[in-house]
Amino acid sequence: MDDFEPRIIGFLCNWCSYAGADLAGTSRLEMPPNLVPIKVMCSSRVDPEMITDAFLRGADGVLIAGCHPGDCHYDKGNYYARRRFAVLKKVVESLGLEADRLRLSWISASEGPRFRQVVEEFTEKIREIGPNPAGKETLL
Amino acid sequence: MISKTETLNSGNSILVSDESVQDSLRRILKHLLVTGQVDSVFAVRRTKQEGRFCYSLISDHELIDEVLPFYPVMPVQGAKALSELTTTETLHKPVAALLRPCEIRAFVETSKQSQGSLDNLFIISCTCPGVVPASRLLMEDRKKVLSEYGEYIRNACRACTDFVPEAHADMTVVIASDIPSENCRIFLHTEKAGIIADGLSSFTPEAGIPLKETVAGLFKIRQQNRENLLAETPAVKDGLDSLINLFSACINCRGCREACPLCHCVLCDYETARTQHSPELIRAEAKRRGAIRVPSGTIQFQLGRLMHISPSCVSCGQCSDVCPVDIPVSDIFTRAANLVQTTLNYEPGKSLDDDPPMSTYIEHELQDITD
Ligand code: SF4
Ligand code: SF4
Ligand code: SF4
Ligand code: FES
């Protein structure tokens with residue numbers, strides 16, 4: 001589909017990735033406008049329920065971005081987030097759904113260019129996969 | 001004659017009796033109650049109504065004749081029932097419990113999540129041939145179901161490769177076996193079991209072959225069935241389409257959750273306002289999609305339950321058993337659990353010592369799924 005513009009939800013950790021996104025912005029790095037950022041206080045704040053909800057309501061991709069392992073503001077939050085993400089990925093995979101629509105990336109506050117790169121890559125990936133069919137279903 | 005405790009030390013000690021499994025087990029349970037070695041017995045028991053059964057906590061030894069030892073049905077998951085008895089306080093006095101391997105595993109999991117305790121439990125388990133759905137035993141010709149019960153065994157059991165208790169059982173009664181026998185054979189695993197065995201006069205001790213060797217053939221069949229189940233779960237054939245087709249029949253009764261021994265939240269997330277869609281949102285989604293199913297959230301609920309339970313699911317089959325519209329819930333969970341548990345390197349119900357999988361982490365793990 002040529003006119004397909006992916007809609008991607010991004011849960012960004014306040015202490016790192018959100019600041020990284022901010023830095024990308026203030027550095028005037030150009031990037032695709034497809035990501036809708038939602039600020040969370042830690043990657044571990046993202047209940048998988050929020051992700052499945054976004055998915056069933058038609059988000060084409062969901063990105064979770066948090067501090068690099070070892071750097072979580074709350075010490076261990078991102079390690080738990082990673083386990084939950086693994087469970088989600090595998091559940092989605094076991095159901096034959098497109099697990100590639102979900103991504104967990106570590107982006108620090110100083111990594112503006114990395115933020116841009118992740119958004120670019122992920123938007124391209126989602127463009128390849130195409131629109132999320134769950135967004136059109138009438139029975140969820 | 002070798003003593004029973006001696007055979008125990010040989011590692012493969014068994015007790016043999018000429019009586020049937022039913023009579024032998026009733027004899028043991030009665031003996032335990034009468035001698036005060038246990039305070040009560042937890043087992044499936046027949047009720048007054050012909051053909052009905054339920055789990056019971058039995059303290060009167062006269063009622064042991066009503067016990068149906070390893071009757072091929074799971075009225076409720078034993079772990080769920082035991083959790084009710086041991087969550088707010090542990091057992092004060094010893095209780096002998098007849099539990100199938102998946103009930104033990106589920107109970108170990110629930111105990112790790114502080115929803116029960118194994119203290120003071122004396123566990124008698126079996127090499128498990130599987131069970132039939134309770135509804136079939138209740139609704140269909142009972143004699144036929146019981147005599148041909150191999151035909152009626154549920155999917156989960158056909159594909160169960162953990163039908164021999166690994167740990168936590170004190171005794172294992174041989175029921176499923178490659179070597180059929182008229183005798184009742186009981187493996188002893190613990191010192192407690194040895195002491196009890198020494199007081200049983202109608203059994204003779206023998207040195208047997210390792211328990212697992214007696215079921216190697218059945219294990220192979222089950223393994224093949226499991227592979228087929230993992231490959232063929234209907235929910236996965238066409239991804240989202242199959243999922244939606246399957247759950248289009250769901251009547252939202254939440255029976256799968258109530259029956260699951262691991263779903264123990266007093267207030268399920270999916271009953272709270274936090275996860276319920278507002279009327280405004282439902283109207284908006286209907287506009288955008290053309291229509292929307294109400295009540296909404298059937299698949300959302302199932303995805304949530306998969307998220308919460310797949311790390312610890314013991315593939316007991318109970319959720320499929322209770323589903324009134326025959327959704328193969330347990331097959332779907334077994335498939336997810338297989339992937340999730342391999343990824344987290346976790347075996348539910350195996351040990352009380354390792355942390356519950358979602359309350360722990362390893363620093364350098366899972367790097368291939370993150371970047
Ligand atoms: S799932 Fe396995 S252990 Fe449980 S009843 Fe079936 S065969 Fe027995
Ligand atoms: S038991 Fe079956 S019908 Fe009831 S909520 Fe679960 S899947 Fe739906
Ligand atoms: S999800 Fe189903 S198969 Fe798994 S433990 Fe719960 S009731 Fe048993
Ligand atoms: S504070 Fe950023 S991941 Fe925990």
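Into which domains is chain B divided? In this predicted model, chain B is divided into domain 1, residues 4-225, and domain 2, residues 237-369.

The centres of domain 1 and domain 2 of chain B, taken over C-alpha atoms, are separated by 29 Å. Their contact draws 25 residues from domain 1 of chain B and 26 residues from domain 2 of chain B. Between them the two domains bury about 2000 Å², and 52% of that area is on carbon and sulfur atoms. On the domain 1 side, the residues that lose the most area to domain 2 are B:Lys80, B:Glu109 and B:Lys112, which together account for 30% of what that side buries.

As for specific pairs, 2 salt bridges are counted between domain 1 and domain 2 of chain B. In a salt bridge between B:Lys112 and B:Asp354, the closest N and O atoms are 2.6 Å apart. On the side of domain 1 that touches domain 2, at least two residues each come from α3 (78-86), α4 and α8 (155-158) of chain B. The element that gives the most to that side is α4(B), with 8 residues. By class, the residues of that side of domain 1 divide into 13 nonpolar, 7 polar and 5 charged.

Are B:Lys112 and B:Glu109 buried or exposed? Both are buried.

I now turn to the interface between the chains. Here 40 residues of chain A are in contact with 51 residues of chain B. The two chains bury about 4100 Å² between them, with 61% of it on carbon and sulfur atoms. A:Arg83, A:Leu95 and A:Leu140 supply 19% of the area that chain A buries against chain B, more than any other three residues.

How many salt bridges are counted between chain A and chain B? The count is 5. In one salt bridge, the side chains of A:Arg103 and B:Asp371 meet at 2.8 Å, N to O. A network of salt bridges links A:Asp53, A:Arg57, B:Glu285, B:Arg288 and B:Arg289. On the side of chain A that touches chain B, α2 (48-56), α3 (77-94), β4 (102-106) and α4 (112-129) of chain A each supply at least two residues. The most comes from α3(A), with 13 residues. That side of chain A has 18 nonpolar, 7 polar and 15 charged residues.

Finally, over all chains the count comes to 31 salt bridges. Within chain A, the side chains of A:Lys125 and A:Asp100 meet in a salt bridge at 3.8 Å, N to O. A:Lys125 lies in helix α4 of chain A and A:Asp100 in the loop between α3 and β4, so the pair ties together parts that are 25 residues apart in sequence. A:Lys125 counts as partly exposed, at 32% relative accessibility, and A:Asp100 is partly exposed at 43%.

Technical notes
Residues are numbered from 1 along each chain as its sequence is written. Chains are lettered from A and ligands numbered from 1 in the order in which they are written. This is a predicted model: local features need pLDDT of at least 70, side-chain atom pairs count only at pLDDT 80 or more; totals for chains, interfaces and linings use all residues. Side-chain values use heavy atoms; hydrogens and water are left out. Contact means heavy atoms within 4.5 Å. Buried area is the accessible area (1.4 Å probe) that two parts lose on being put together, summed over both. A salt bridge is a side-chain nitrogen of Lys or Arg within 4 Å of a carboxyl oxygen of Asp or Glu. Helices (H or I, at least four residues) and strands (E, at least two) are DSSP runs, numbered from the N terminus. Ala, Val, Leu, Ile, Met, Phe, Trp, Tyr, Cys and Pro count as nonpolar, Asp, Glu, Lys and Arg as charged, and the others, Gly among them, as polar. Buried means under 20% relative accessible area, exposed over 50%, partly exposed in between (1.4 Å probe, protein chains only). Domain bounds come from an automatic or database domain assignment.
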